[in-house]
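Visitor: Please bring up the sequence and the structure. I would like to go through them question by question.

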Amino acid sequence: MDDDDCEGYLFKVVIIGDSAVGKSNLLSRYSRNEFNIHTKATIGVEFQTQSMEIDGKEVKAQIWDTAGQERFRAVTSAYYRGAVGALIVYDITRRTTFDSVGRWLDELNIHSDTTIARMLVGNKSDLENIRDVSVEEGKSLAEAEGLFFMETSALDSTNVRTAFEMVIKEIYNNVSRKVLNSDAYKTELSTKSVSLIDEKSKQTQGYSCCSR
C-alpha cells in the first residue's frame with residue numbers, strides 16, 4: 001500500500017473566470033475531445049478526472065468547472081478547497097472578461113492556503129478577427145502576476161491539452177520540490193484522493209444542462 005501511495009497522486013485543479021468565456025468547453029475538449037457550440041451555463045457540480053504520467057508516476061488531475069456560480073459572483077470557498085492548480089480564463093474578444101482577471105486572482109488568493117500552479121488563459125483564439133485583448137496584454141498581465149500564459153481555442157483544440165498539462169506538471173513540480181518526501185503529506189493526499197473519488201462515485205450524470 002505504501003508503494004501505491006508513492007506511485008499515484010490526485011491533484012485538484014479549478015477553472016475560474018467570467019461567465020461564457022468557454023470554461024466548460026475547455027474542460028470537455030481536454031477530457032473528451034468534444035465541443036458544443038450551444039453550451040449553456042453549467043448547472044450542479046462538474047468535474048472530470050484525467051491521468052498522465054510524469055517521472056514514471058501516474059498523476060491524476062480532477063478538474064473542476066465553476067458550475068455556473070460565477071454568474072452570481074458566488075463561487076464558494078468549498079469550490080477552491082484543496083485546489084493546487086487553477087486556470088484563470090478570459091475571452092480574447094471581450095475585454096470585460098480580461099478586466100475581471102484581477103478579481104478572480106484575489107478570490108483565488110483568499111481561498112487558497114497552499115502553493116497553487118496558476119495559468120492565465122486567453123480563450124477563443126480562433127476569433128482573431130474580433131479580438132479585443134492583444135497577446136501582449138495577456139503576457140504582460142501574466143508576467144506582472146507571476147502566472148503562466150497561453151491562448152487557447154476550445155473550438156479548434158489549439159493549445160488546450162498543452163495548457164492543462166503545463167499546470168498539472170507544475171503542480172507535480174511544486175509537490176516534488178516541497179513535500180513529496182513528507183509522509184504526513186502523502187497520508188493527507190491519499191485521504192483526500194479517497195474522499196474526492198467517493199464524492200465522484202455518488203454523482204452519476206447530468207452535470208450540465210448541455211449534456212442533456
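Visitor: Which residues of H2 are buried?

Guide: Helices (H or I, at least four residues) and strands (E, at least two) are DSSP runs, numbered from the N terminus. Buried means under 20% relative accessible area, exposed over 50%, and partly exposed in between (1.4 Å probe, protein chains only). By that rule the buried residues of H2 are Lys 23, Ser 24, Asn 25, Leu 26, Leu 27, Ser 28, Arg 29, Tyr 30 and Ser 31.

Visitor: What pLDDT do side-chain atom pairs need in order to count?

Guide: Residues are numbered from 1 along each chain as its sequence is written, and side-chain values use heavy atoms, with hydrogens and water left out. This is a predicted model: totals for chains, interfaces and linings use all residues, local features need pLDDT of at least 70, and side-chain atom pairs count only at pLDDT 80 or more.

Visitor: Which elements do the buried residues of H2 pack against?

Guide: Since 9 of the 10 residues of H2 are buried, this helix is largely enclosed by the rest of the structure. Contact means heavy atoms within 4.5 Å. The elements that the buried residues of H2 pack against are E1, E2, E3, E4, E5 and H7.

Visitor: Which residue follows H2, and what is its phi?

Guide: Ser 157, in the loop between strand E6 (148-151) and H7, is in contact with Arg 29 and Asn 33, leaving aside neighbours within four places in sequence. Asn 33 is the residue that follows H2, and its phi is positive, near 55°.

Visitor: Is Ser 157 buried or partly exposed?

Guide: Ser 157 is 31 residues from Asp 126 in sequence, with the two 9.5 Å apart in space, C-alpha to C-alpha. Its relative accessibility is 31%, so Ser 157 counts as partly exposed.

Visitor: Are the rings of Tyr 9 and Phe 11 stacked or edge-to-face?

Guide: Rings of Phe, Tyr and Trp (its six-membered ring) pair if their centres lie within 6.5 Å; planes under 30 degrees apart count as stacked, over 60 as edge-to-face and the rest as tilted. This rule gives 5 aromatic pairs. For Tyr 9 and Phe 11 the centres are 6.1 Å apart and the planes at 20°, so the pair is stacked.

Visitor: How many residues apart in sequence are the parts that Trp 64 and Tyr 79 tie together?

Guide: Trp 64 and Tyr 79 form an edge-to-face pair, 6.4 Å centre to centre with 75° between the planes. Because Trp 64 lies in strand E3 and Tyr 79 in helix H3 (residues 77-80), the pair ties together parts whose separation in sequence is 15 residues.

Visitor: At what distance from the ring centre of Trp 64 does the charged end of Lys 12 sit?

Guide: A charge sits over a ring if NZ of Lys or CZ of Arg is within 6 Å of the ring centre and within 35 degrees of the ring normal. Trp 64 counts as buried, at 8% relative accessibility. The charged end of Lys 12 sits over the Trp 64 ring, and its distance from the centre is 4.1 Å.

Visitor: What percentage of the residues of the protein chain count as buried?

Guide: The protein chain has 8 helices and 6 strands. Of its contacts with a separation of 6 or more, 74% are between residues 24 or more positions apart. Among its 212 residues, the percentage that count as buried is 47%.
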